[in-house]
Amino acid sequence: MRTSFIAAIVCGALLFAAPQGRAQTAADYDPRIPAPETVIGHQVGARHTPSADIRRYFEALRQATPERMALGEYGRTWEGRPLIWAAIGSPRNIARLDQIRAASLAIADARATSPAQAKALIADQPVIVWLGYSVHGNEASPADAAIATARHLLASRDPKVAGWLEQAVVVLVPTQNPDGRDRFVASYESARGLNPDPDPFAAERNEPWPSGRFNHYLFDLNRDWFAQTQPETRGHSRLMRSFLPQVVADAHEMGTDATFFFPPEADPLNPLLPAAQVRNRALFGRAHAALFDRQGQPYFTREQYDAFYPGYGDNWPSYFGAISMTYEQARTGGLAARRGSGEEFSYADTVRNHFLVSLSTIETAAANRERLLSDFRAHHEEMLREAKARGAWVIERTADNPDGADDLAALLVRQGLEVSRVDGGFDACGRRHAAGGYVVSLAQPMGRLADVLLDPTVAMPKAFVAEQERRRAKQLPTEMYDVTAWSLPAMFNTPARLCRAAPAGTPVGAEQIARGGVSGAERPIAYVVPAGTAAMRLLSRALQAGWSVRSADAPFTLGGVRYPSGSLVIPAAGNPADLAQRLPVLAAETGARVTASGDSWVTEGPSLGSPRMPGFVAPRVAMAWDRPTAATSAGAVRWLIEREYGYPVTAMRVSTLRAADLSRFDVLILPDGGGYKAELGASGMAALRDWVRRGGVLVGLGRAAELMADPEAEMLAARRETAPPSDKKEPPRDPKKPTAAGTELKSEQDYLAALRPDEPSPDEAPGVLALAEVDPDHWLGAGVPSRINVLVDGGAIYTPLKLDQGVNVARYAGADELLAAGHLWEETRRQMAFKPVVMAQPSGRGWLVAYTQDPTARGFQRGLDVLFLNAVFRGPAHAGKVR
């Protein structure tokens, strides 16, 4: 970036609020383009701009410059706020924007576009630069920087800017999380005083639970890119795939004591990242560094924010060939902040930095247009060559999880992958596959994305792992930023294999997957729905409609068909007269495959009227909300039940639980979170204990299981374990004595053992997928595959329940086969073996159900839905509550 141009910007190319409240001098801007303060009522950086005002300003820009800007909406949030995007370019580029989008897709498809055709397209194709701002709602400065960036691109009379827009089309997503942003703005405005207060303890800089970071359902949208659970992510992904940008930057904020981060990223890098794109990240980093050096602005690279987990907004786009980067600015959390060093800085400072880096990104991309487009094309040509040798992923349909293949295929289609279904039985990978399996060829523009999402063997470099082992031995924090495993087939409990050859199958869209319906007898005695996620969706609707539904605790055979445990039975007698007309509609809406049986004679397993075929009640479900629950866990629980399965939940603040009348509820869910004991107190724990004994079902997830296992709670008989003692035996120490008995340390191993705390916790698992086995004889495991994979994050390991106490419904596999994906410490792996994952313990008329790991975490462990929902729906059917 040229020194003269940067100097002009810093001297006042925009009307920024100065730290003392004085406006900087405006540079040479076209007066026909509205200044921000004329629309939003304040100078950029003087206040946090609400999402509606951001939208109004972009609409004003579009009205003023329709020939140079396109504006659109890519979805709506849960709270109904529009999600907007803007594309800015030269008049010629905006006039042919649809052609530019189509050309980008054609360049990426090396199957259909020859090298010569791609070269011709590149010659006249602008590079597409994608700038996403404020995916975390309380990381406020990027969204205000989006205002500044858009205005500068449209209003600046500097010919360099016009040159950029000939070489690049800039797509801005000014606020990716308007629900969270407006929650943050409201929190700040309600607490602010006479002047911005930089004190770290000031109320205006300390948000109440759940903070504005998350969206309405408290999801971290920056970890949802491949899970695609939220409307913000689904819409953003769909829009991005319609452009296939070559450069993507995701603008964030970080801790107040930091400075500014841009790539290169920290280790580990995902081994499937395109090599040229990784090199080009350094190209942008160098440009930003030169800019910051000229301004005397500190920054850092490489020491944080790795590029291993593919679920970030700065990583997911890499797998279709984009140079994808994260930018992080130290946050004020208000309008002013004070670092630990005593240095103060303003919100306007943070907006300015993101604005300057946005312009640096655009300029660097424009200056390297041909290189970036050529590298983008080269990635897809290389990927196609590799794909022809490697084949396709085959997703297997299994009898014990028939919906898993459909659910996984639907998710892959939703994020742009080409998926085909094979309607007949077929051979692949040297084995026979059942009809209805899916094939995902790697020979497609999103082939690298298929690999990174489906392959369980994606591993961190050995040197990096060795360094983490060294740090762990000294009890230093590891440098693993996020989970180390995410393989979707494992999380859906659906087998998938990479096969050199597989049948082509029939391409399917989302609307062609999991089509439900009713088949069988014309005058049925009962309708049967095989266990699975579709059955759970139908059950939710049926119970709310007041239908009579029964369910099997064991497998049974009816009409010559064997149905798994957990299958639903809807008798014709005792249900509405129009059941035959309503059920097909419900089956189509939920994807359930329903069989109408003209006979009730069961030849194996429990009969339709057996006690082992209990009837459901429509449970009244409550869940803990607010502190001390972990916001993301509380949000995921609520979203899963309410939105994925359509069942109402009453969210109750934990502070009200100790005195609340719980008798009206059948189920109470405690999401993951530390601090329940202090919040509930002895009286609150006693109230929960009494409610369970009278027939309630108490469900604890993650750290909530720790409350249930606390001896003072007098609930669960299991106990949380400490780490096993080291081999080095040391005499016990009396902390009150001024001296300790002498020992001999003969080796470094002895020394390291002597450093261990007296009662250490197991070393935390860094987000791995672990294999667990399910007890088929307990109602909580009904309809669940015999082997499941569980995301393990943290160091919680519990003693098993004894036979006279309860049932370990799911427990980890043996040490040699426990790890399904990711990296797990050897000592932790050995200690986890055969320990409980899910425990069910009767208490009076009710049940205690503890999940030692949160099965709803991030909404992407869809293979655990039935195991969790069984506690919600089947639990009350097995409790003895008097109604």
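Residues are classed as buried under 20% relative accessible area, exposed over 50% and partly exposed in between (1.4 Å probe, protein chains only). The model is predicted, so that local features need pLDDT of at least 70 and side-chain atom pairs count only at pLDDT 80 or more, whereas totals for chains, interfaces and linings use all residues. Residues are numbered from 1 along each chain as its sequence is written, and side-chain values use heavy atoms, without hydrogens and water.

With a salt bridge taken as a side-chain nitrogen of Lys or Arg within 4 Å of a carboxyl oxygen of Asp or Glu, the count comes to 67. One of these pairs E396 with R431, with the closest N and O atoms 3.5 Å apart. E396 lies in the loop between β12 (392-395) and α14 (402-414) and R431 in strand β15 (residues 431-433), so the pair ties together parts 35 residues apart in sequence. E396 is buried at 11% relative accessible area, while R431 is partly exposed at 34%. A salt bridge also joins R56 and D53 (3.0 Å, N to O); these residues are 3 apart in helix α3 (residues 51-64) and are therefore separated by about one helical turn. R56 is partly exposed at 37%, and D53 is buried at 17%.

Helices α18 (residues 533-544) and α26 (residues 865-878) pack at about 25°, with axes 10 Å apart. Angles under 35 degrees count as roughly parallel, and α18 and α26 are therefore roughly parallel to each other. Helices here are DSSP runs (H or I, at least four residues), and strands likewise (E, at least two).

How values were computed
Axes fitted to C-alpha atoms, helices over the stretch in contact; angles between N-to-C directions. Parallel < 35°, antiparallel > 145°, perpendicular 65-115°, else oblique.
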